[in-house]
Amino acid sequence: MEVADLTTSKKKTMEMIDVIAEMFPDAEAELNYTNPFELTIAVLLSAQTTDVGVNRVTEGLFKRFKTPEDYLEVDVTEIEQYIKTIGLYRTKAKNIQKLCRDLIDKYDGEIPGNYDDLVSLAGVGRKTANVVLSVAFDTPRIAVDTHVERIAKRLGIARYKDSPLQVEETLMRKIPAERWSKTHHQLIFFGRYHCLARNPKCHVCPLLDECREGQKRLKKGLVKK
């Protein structure tokens, strides 16, 4: 027996996405980089860390290391010193060197522009690959980070029990491909600056009437109307 899809319809999803797009029309990647290689390193570093924190360490890192060869000419501890203020820095430093070795050995030192090759690199998972493809190679993608997942579930676009991959597939099914990349950034901005994890701005949210989390907070008297 087929289970009914109780999530928001495509039509309603796009109505909400349009509202978010109006709120953050200029949303874009906030990581600092000058080429696909730097972007990949920055996104790798951003796991469980804020973009602000990453930009703080990459300012010095990218001045010191310009190419994959540069990262391999030093002991991993030197890389660690540049990124030690962010989470999991030892693992990330090791992954950077492994990634650089693979780039030289397999891809002529260049970041590959396809998904399968990207996720074969150390420290590069599905989210990182999707960000790199979208931002560096202008390939329509929706990368699901904690913000995107939270917003999709709160608004009923996806189910609470869905995995990040299921959230991604649902968003791609309900949103036209030509809007995937821009919507990805707009959802991140909406989650980062408006619908925060702990203190969402429900009292000034134009989507309050559509939001699961907002309705719960409304019933508990936590939302100003």
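The dialogue below concerns a predicted model.

Trainee: Which residues does I83 touch?
Mentor: Leaving aside residues up to four places away in sequence, I83 touches L45, V57, L61, Y89, K92 and A93. As a general matter, nonpolar side chains tend to be buried together in soluble globular proteins.

Trainee: Where does UniProt place the HhH-GPD domain?
Mentor: The unreviewed UniProt entry places "domain: HhH-GPD" at residues 45-193. In the model, that span is 65% helix and 0% strand, and its end C-alpha atoms lie 21 Å apart.

Trainee: Why is helix α9 called largely enclosed?
Mentor: Seven of the nine residues of α9 (residues 146-154) are buried, so the helix is largely enclosed by the rest of the structure. The buried residues are H147, V148, R150, I151, A152, K153 and R154. Their cover includes α1 (10-23), α10 (164-174), α11 (180-193) and α12 (212-219).

Trainee: What makes D145 a cap of α9?
Mentor: A side-chain oxygen of D145 lies 3.1 Å from the backbone nitrogen of H147, at the N-terminal end of α9. The limit for a polar contact between N or O atoms is 3.5 Å, so a separation of 3.1 Å qualifies. After α9 comes G156, with a positive phi near 75°.

Trainee: How do you know that E210 and K12 form a salt bridge?
Mentor: Their side chains meet at 3.6 Å, N to O. The cut-off is 4 Å between a Lys or Arg side-chain nitrogen and an Asp or Glu carboxyl oxygen, so the pair counts as a salt bridge. E210 lies in the loop between α11 and α12 and K12 in helix α1, so the pair ties together parts 198 residues apart in sequence. The structure holds eleven salt bridges.

Trainee: Why is E210 called partly exposed?
Mentor: The relative accessible area of E210 is 34%. Buried means under 20% and exposed over 50%, so E210 is partly exposed. K12, at 27%, is partly exposed as well.

Trainee: What do R64 and E78 tie together?
Mentor: R64 is in helix α3 and E78 in helix α5, so their pair ties together parts 14 residues apart in sequence. The closest N and O atoms of this salt bridge are 3.0 Å apart. R64 is partly exposed at 33% relative accessible area, and E78 is partly exposed at 28%.

Trainee: Why is the pair of F189 and Y193 called edge-to-face?
Mentor: The ring planes stand at 70° and the centres are 5.3 Å apart. Ring centres must lie within 6.5 Å and the planes over 60 degrees apart, so the pair is edge-to-face. F189 and Y193 lie four residues apart in helix α11, about one turn. F189 is buried at 12% relative accessible area, while Y193 is partly exposed at 38%.

Trainee: How many aromatic pairs are there, and how are F65 and Y82 arranged?
Mentor: The structure holds five aromatic pairs. F65 and Y82 are edge-to-face, 5.7 Å centre to centre with 75° between the planes. F65, in the loop between α3 and α4 (68-72), and Y82, in helix α5, are 17 residues apart. F65 is buried at 1% relative accessibility, whereas Y82 is partly exposed at 29%. One aromatic cluster is formed by F37, F65, Y71 and Y82.

Technical notes: Residues numbered from 1 in each chain as written. Predicted model: local features only at pLDDT ≥ 70, side-chain atom pairs only at ≥ 80, totals over all residues. Heavy atoms only, no water. Contact = heavy atoms within 4.5 Å. UniProt positions renumbered as here; feature names shortened; annotations may be inferred. Helix = DSSP H or I, 4+ residues; strand = E, 2+ residues; numbered from the N terminus. Buried < 20%, exposed > 50% of the residue type's maximum accessible area, 1.4 Å probe, protein only. Polar contact = N/O pair within 3.5 Å; in protein donor to acceptor, adjacent residues only side chain to side chain. Phe/Tyr/Trp six-rings, centres within 6.5 Å; stacked < 30°, edge-to-face > 60°.
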